[in-house]
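Let's take a look at the salt bridges here. Have the structure open as you read, and follow the pairs one at a time.

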Amino acid sequence: MNWVVLVGSVRKGSLNAALARALPDVAPDGVKIDLLPSVADMPIYDGDIETAGFPGQVSAVGDRVKAADALVIVTPEYNYSVPGGLKNALDWLSRLKTQPLKAKPTLIMSASPSTMGGARAQYHLRQVLVAVDAHVMNVPEVMVAQAHTKITDGVLTDQGTRDFVGKQLTAFQSFVKQAQATA
């Protein structure tokens, strides 16, 4: 099974990027996980640009999402919502003729220094994903609260968190298999 990961943060020391980098190590057997290019590589969505032709970065990410068995989105929370760069990337992907997000098994997780762990961003992201007809796994949820105490030098070091994320990925593997069986 091949999954791709879209990270909503572009910050060099991002807690969410650290969480995303940990996923291949805690994934169940038989799952390969690759990170997609940064959402910062896509220009701000503009219908005039779309009319002139999709930017290469958008098409490339869309092709990788379409080819993958599943999509994992790891995002911080900005002002109680989804970061603009992530929303922009999803807006671009939703405009592609191939509709790479349609019926795509999708998993959401977040990490935050707050005690909420990114819960509000996940709520808003679910609303966006409904509009593109992505198939989001609802539970179990992973919201890594006080992530700055669980990530050291860009590495997810807290074993309890690693185990919990691994359990979510195992549940997601079953979710993806079920989606494939009914497709």
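## Salt bridges overall

There are 6 salt bridges in this structure. A salt bridge here is a side-chain nitrogen of Lys or Arg within 4 Å of a carboxyl oxygen of Asp or Glu.

What you see is a predicted model, in which local features need pLDDT of at least 70 and side-chain atom pairs count only at pLDDT 80 or more, while totals for chains, interfaces and linings use all residues. Residues are numbered from 1 along each chain as its sequence is written, and side-chain values use heavy atoms, with hydrogens and water left out.

Glutamate 50 and arginine 95 join their side chains in a salt bridge, 3.0 Å from N to O. This pair ties together distant parts of the chain, 45 residues apart: glutamate 50 sits in helix α2 (residues 47-52) and arginine 95 in helix α4 (residues 84-95). Helices are DSSP runs of H or I, at least four residues, numbered from the N terminus.

How accessible are the two partners? Glutamate 50 is buried at 17% relative accessible area, while arginine 95 is partly exposed at 43%. (Buried means under 20% relative accessible area, exposed over 50%, and partly exposed in between, with a 1.4 Å probe and protein chains only.)

## A pair within helix α4

Lysine 87 and aspartate 91 also make a salt bridge, at 2.7 Å from N to O. They're 4 residues apart in helix α4, so about one helical turn separates them. Lysine 87 is partly exposed at 32%, and so is aspartate 91 at 26%.

## Lysine 32 and aspartate 34

Lysine 32 forms a salt bridge with aspartate 34, with 2.9 Å between the closest N and O atoms. Lysine 32 is partly exposed at 47% relative accessibility, and aspartate 34 is partly exposed at 27%.

Methods:
Helix = DSSP H or I, 4+ residues; strand = E, 2+ residues; numbered from the N terminus.
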